Amino acid sequence: MNKVLRFTASWCQPCKSLARRLESINTQTEIEVIDIDEQDQKAIEYNIRSVPTLVFLKDGKETKRMLGVHPQNELEEWLND
């Protein structure tokens, strides 16, 4: 099963932009939102250094990650690859 961890923060403007773009993408991949201020242990576990960061998990193991905000088409391709 594929899953994406979306690391974010309430004070992060690029994170809000990314969230809007992701909402408009049709994907079967589950997206779990993780606020780094509220779930700092999870951020440490995944070695998150900046937000926004997307971590793609396949069968529970990280296979790729994306940092920052990207164009809609790149996000779609990354999610559905």
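Start by selecting R6: its bridge partner in strand β3 is L54. Next to that pair, L5 has V55 as its bridge partner in β3. Strands here are DSSP runs of E with at least two residues, helices are runs of H or I with at least four, and both are numbered from the N terminus. You are looking at a predicted model, where local features need pLDDT of at least 70 and side-chain atom pairs count only at pLDDT 80 or more, while totals for chains, interfaces and linings use all residues. Residues are numbered from 1 along each chain as its sequence is written, and side-chain values use heavy atoms, with hydrogens and water left out.

Now colour β1, residues 2–8. On one side, 6 bridges join β1 to β3 (residues 53–58), and the two run antiparallel. Another 6 bridges join β1 to β2 (residues 30–35), this time in parallel. There, F7 stands opposite I34. Of the 7 residues of β1, 5 are buried, meaning under 20% relative accessible area with a 1.4 Å probe and protein chains only.

Zoom out to the sheet. Its 4 strands form an open, mixed sheet in the order β2-β1-β3-β4; two strands pair if DSSP finds at least two bridges between them. Because β2 and β4 (61–67) each have a single partner strand, one side of each is left without a neighbour in the sheet. From one strand to the next, the twist averages 20 degrees.

Select helix α1, residues 13–23, next. Together, β1, α1 and β2 make a right-handed β-α-β unit: with the strands pointing away from you, the path from the first strand over the helix to the second runs clockwise. The helix lies across β1, β2 and β3, at about 150 degrees to β1. Such angles run from 0 to 180 degrees between N-to-C directions, using lines fitted to C-alpha atoms, for helices over the stretch in contact (heavy atoms within 4.5 Å).

The link of C12 and C15 is right-handed, with 80 degrees about the S-S bond. C12 is buried at 4% relative accessible area, and C15 is buried at 2%.

Finish with the largest nonpolar core, which has 13 residues; L5, F7, I36, Y46, I48, V51 and V55 touch the most other members. A core is a set of buried Ala, Val, Leu, Ile, Met, Phe, Trp, Tyr and Cys residues joined through side-chain atoms within 4.5 Å.

How values were computed
Buried means under 20% relative accessible area, exposed over 50%, partly exposed in between (1.4 Å probe, protein chains only). A disulfide is a pair of cysteine sulfur atoms within 2.5 Å.
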